[in-house]
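Hi,

Here's the structure I promised to send over. Have a look at it first, and then read on for what turned up.

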Amino acid sequence: MSARLQQHFQQLREELAADTPLDADDRAALLELMQEIDLKLAKELASDPDATLVDGVNLAVERFESQHPTLTGTLRNILQSLANMGI
């Protein structure tokens, strides 16, 4: 995982650890998305791009865009980092 992507993940973890007003389903969805990204990158799928990974992050951006702009910005940074890695 690139250093930049790790930085964005850490930022997202910090935002989730703070008292960000998310319901249990939203928080679970973000944590699941992070785990999915971690697993796929750990399996070195960066050499074989997986569209579902990016689709999942895009869906999260759409889901949180209006109510959680800070989280959305972090998710967009993650998307950019994935794009820079060729995913």
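Ser 81 sits in helix α4. Keep in mind that this is a predicted model. Is Ser 81 buried or exposed? Its relative accessible area comes out at 4%, and anything under 20% counts as buried, so Ser 81 is buried.

What does Ser 81 touch, once you set aside its neighbours within four places in sequence? The answer is Arg 4, Leu 5 and His 8. With His 8 there is also a polar contact, side chain to side chain, at 3.4 Å. As for Asp 38, it lies 43 residues from Ser 81 in sequence, and the two C-alphas are 13 Å apart in space.

Helix α4 covers residues 69-84, and its partner here is α2, residues 24-42. Their axes come within 13 Å of each other and cross at roughly 15°. An angle under 35 degrees counts as roughly parallel, so that is what α2 and α4 are to each other. The crossing of α2 past α4 is left-handed.

Which residues meet there? From α2 you have Leu 30, Leu 33, Ile 37 and Leu 41; from α4, Leu 71, Leu 75, Ile 78 and Leu 82. Sorted by class, that contact has eight nonpolar residues, with no polar and no charged ones.

Cheers

Terms used:
Residues are numbered from 1 along each chain as its sequence is written. This is a predicted model: local features need pLDDT of at least 70, side-chain atom pairs count only at pLDDT 80 or more; totals for chains, interfaces and linings use all residues. Side-chain values use heavy atoms; hydrogens and water are left out. Axes are lines fitted to C-alpha atoms, for helices over the stretch in contact, and angles run from 0 to 180 degrees between N-to-C directions. Helices (H or I, at least four residues) and strands (E, at least two) are DSSP runs, numbered from the N terminus. Angles under 35 degrees count as roughly parallel, over 145 as roughly antiparallel, 65 to 115 as roughly perpendicular and the rest as oblique. A crossing is left-handed if the near helix is turned anticlockwise from the far one by less than a right angle, and right-handed if clockwise. Contact means heavy atoms within 4.5 Å. Ala, Val, Leu, Ile, Met, Phe, Trp, Tyr, Cys and Pro count as nonpolar, Asp, Glu, Lys and Arg as charged, and the others, Gly among them, as polar. Buried means under 20% relative accessible area, exposed over 50%, partly exposed in between (1.4 Å probe, protein chains only). A polar contact is a pair of N or O atoms within 3.5 Å; within protein, one must be able to donate a hydrogen and the other to accept it, and residues adjacent in sequence count only if both atoms are side-chain atoms.
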